[in-house]
Structures are given as structure tokens and as C-alpha cells.
Amino acid sequence: MSNTAFKVAVLGSGISGAVCASTLARNGVSVTLFDSARGPGGRMSQRREKTEDGKELHFDHGAPFFSVSKPEVVHLVQEWELRGLVAEWKEKFGSFDFQTLKFDNLEQEGLSKRFVGVPGMNSICKALCNESGVESKFGVGIGRVEWLEDEKLWSLIGVDGQNLGQFKGLVASDKNIVSTRTAEVTGRLPPLDADLKLLPELSEKLHNLPVRPCFAVMLAFAEPLSSIPVKGFSVKNSKVLRSAYCDSSKPGRSATSERWVLHSTAEYAENVIAQAGLNKPSEVTLNKVAEELFQEFQSTGANISQPFFKRAHRWGSAFPATSVAPEEKCLWDRNKRLAICGDFCVSPNVEGAIHSGLAAALRLKDISSSCL
Ligand SMILES: Cc1cc2nc3c(=O)[nH]c(=O)nc-3n(C[C@H](O)[C@H](O)[C@H](O)COP(=O)(O)OP(=O)(O)OC[C@H]3O[C@@H](n4cnc5c(N)ncnc54)[C@H](O)[C@@H]3O)c2cc1C
């Protein structure tokens, strides 16, 4: 039965927020989703770049792929596959060892299924945010949320001070909405700061969540790098490079150029941030990172020509280093109808984020049914 009077606000259109919003909407709950970014996806975004001569290039600069094993997540991914939102990335994968200077484990690493969004990693979130019953607002950052005790409602205020409405339920799907690290980076308190103090149990779990950073370097080549025997590999024994994936070999991508995305190790990213600071990195820093990761890629010994496009992106909070709700899958305050979800609740990957978004939707769906 539809319960449009039970309005829920979902903060964040990454995969956990998008799954939560669409699951609630399918169950008749009225959902408004807000994201400070221009489009959906969060760490499953796709980056659009333009070369100097006006060529458009797309890169999955966040998660390159994901794998699933939990039955409820497998079920959802099968549905997305039928809708053409995801496809299996059927290529050869392996690892490269800087000690032996060899590509290895080609068979072994190819065993687990790798899924990608089609035509971009953000396609899944995009489709979920457009589902009937979900009203999505992009470019709208939430500056503050307040619990109105008399009305028993959540009030949302934008970063520019704009009143964004009142809601019976609230889903916060980014650790920055609740973590004190936000203050370190932006100088502003996290949006849920004041109200979390009223929820000491949740507040304690979320205090200063540790995260690991990563740099992604996007490269485009005029010719295929045919001397690399795989389309994606993890790296052993490098302090700089963690993995490299050939973006243009994924299903549904344009084949007009060969595009690779390199990921740095967390250790390398932490060192750069220690020197350059937490603020937005300068062009000089990004160019230096792009060059250092590219040089490490070249030192594999494969025949790698100069790319016609090379750019770095910093993910300050690429991977949560802890799981705050491995059993419950999300944090939940029934009295205030507040769910906190995201990969930091379960595991630092897409599957963990989906699982958490589903759990948050279940809590709010149950309570909305009891309000009918
Ligand atoms: C470089 C990199 C490589 C990765 N590799 C893999 C991999 O191989 N396999 C895998 O499974 N996973 C991988 N991951 C991890 C995976 O991307 C994440 O676990 C998953 O996407 C997290 O989803 P989420 O919904 O929890 O959070 P997010 O995607 O971070 O979504 C949170 C959203 O909230 C929004 N938001 C934040 N604050 C506000 C505010 N105040 N107001 C409004 N909106 C706000 C943000 O803009 C963002 O869109 C990788 C991640 C990175 C960065």
C-alpha cells in the first residue's frame, strides 16, 4: 500500500543511498534524494573529460568494477543485468609483481565475476535515482539537519542556508554527513553533528571514522597497449601503484581510444596529502601525481607509449578503514526514524554499500507501514 504521507529524505546518491531510495519508493514511500554533486554515483561516478582538441573522454575514476556474493545483493544485481544497467566484464585479469617484474596469476584472478555499470559505472545510480517515486535533487549540499522534537520531523537546511523541507524519516548515506573529519576538511561541522550528540550510542560509533585515500590517474592512448597481457591487474611490491584497469575494454564503452585508470596505494596517497594538505589539491600536485603513477605503470616493462591525455583525481576518503555495523548493516534510531548507511557500515566496497542501503530501506519501510 502506498504511504506518500511518510516522506523520507535520503542524503547521498552513491550506490547505498540510491538503492535505499529506490527500494523505499518501490514500497510506496515518498522519497526526496539530495546530493551535493552535479550527478549521481558518488564513488561509482563516471568522469567526463575534454582534451585540448575537444575530444570527449569518459572514465570510471572511482570503483572500476564490483563483485557480489550475498544472496539479496546477487538478486538485485541479476535484476539490473536484465534491465541492461550492468554487465559482466569478461576479460583476462591478473597481477604484476615489481619484484619479479612479471605478470602472474592470470587464471586464478579470473575466477570471480566482475560487474560494471553500462555504459558507465554511474548508470546504476542514475537509473535508481530516476525511478518513479524518487525525486532527485543534484547540486544541493545539505549543510544541517535538525530534529524538531515537537513536530517529530527532520528539517533540512542547504549549505547556502536554504530551507529544504521537513521529513518524517532521514537516511544519511555518507560518513562526511556524520563524521568529525568533515570539520577538518571544510571548516564546517558535519550536518548531523548536533543531533548525533543527542544519540550518544550512534555518536560514539561514528566519531572520527578512519578512512584511506587514493589517487586515480586517467590515461588515454591513441593505440592499444597490446603488450600488456591482461585488461586489469593488481600490483604487488610497489609503494606507488595498487592497480590498473583498461576502462575502454569494459562492455558498452567507446572504443575510439584506449583508456586506462591507475590507482595509487593508500600509503602513497597519504604521503602526498601529508605534504600538500587536506584542501583541494593544486594542479601542480595533481600533475606530479599523474606523472609518478604513469612512470610506475611504464616501469612494468610493458611497451607503454605516451598518452595523449593524463589527469589525476584525489579521493580523500576512498575506503573506510573500519565497519561500524557489520551485523545490523546500518545504524538505526527508531524513535527519530534515522538510518545511517554506506560502505563504512558493512565493508569497504560496492557490495557492502548495497547491503547497507537495503538494510536502511527495510528499517524505514517497516516503520512507515506501522504509520499507515
Ligand atoms: C578509487 C576507488 C576504487 C574502488 N575500487 C573498488 C572496487 O574495485 N570494488 C568495489 O566493490 N568497490 C570499490 N571502491 C569502493 C566503492 O566505490 C564504494 O564502497 C561505494 O561506491 C560506496 O558507496 P556509498 O553509497 O557508501 O558512498 P558514496 O559513493 O561515497 O556516496 C555518498 C554520496 O553522498 C554525497 N554527500 C556527501 N555529503 C553530502 C551532503 N552534505 N549533502 C548532500 N550529499 C552529500 C556525496 O556527494 C556522494 O555522492 C572503490 C572506491 C574508490 C574511490
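This is a predicted model: local features need pLDDT of at least 70, side-chain atom pairs count only at pLDDT 80 or more; totals for chains, interfaces and linings use all residues.
The structure holds 16 salt bridges. In one of them, arginine 26 pairs with glutamate 131, with the closest N and O atoms 3.3 Å apart. Arginine 26 belongs to helix H1 (residues 15-26), whereas glutamate 131 sits in the loop between helix H4 (123-129) and strand E9 (134-138), so that the pair ties together parts lying 105 residues apart in sequence. The two partners can also be described by their accessibility: arginine 26 is partly exposed, at a relative accessible area of 47%, while glutamate 131, at 12%, counts as buried.

A further salt bridge joins the side chains of glutamate 291 and lysine 310, at 2.4 Å from N to O. Because glutamate 291 lies in helix H9 (residues 283-298) and lysine 310 in strand E18 (residues 309-320), this pair ties together parts that are 19 residues apart in sequence. Glutamate 291 is partly exposed, with 28% relative accessibility, and lysine 310 is likewise partly exposed, with 26%. Through salt bridges that share partners, Arg26, Glu79, Arg83 and Glu131 are joined into one network.

In helix H8 (residues 266-276), the buried residues are Ala266, Tyr268, Ala269, Val272 and Ile273. Viewed down the axis of H8, these buried residues fall within an arc of 160° and therefore line one face of the helix, whereas Ala274 and Gln275, on the other side of H8, are exposed.

Lysine 50, which is found in strand E3 (residues 47-50), is exposed, with a relative accessible area of 54%.

Methods:
Residues are numbered from 1 along each chain as its sequence is written. Side-chain values use heavy atoms; hydrogens and water are left out. Helices (H or I, at least four residues) and strands (E, at least two) are DSSP runs, numbered from the N terminus. Buried means under 20% relative accessible area, exposed over 50%, partly exposed in between (1.4 Å probe, protein chains only). The arc is that of the directions from the helix axis to the C-beta atoms. A salt bridge is a side-chain nitrogen of Lys or Arg within 4 Å of a carboxyl oxygen of Asp or Glu.
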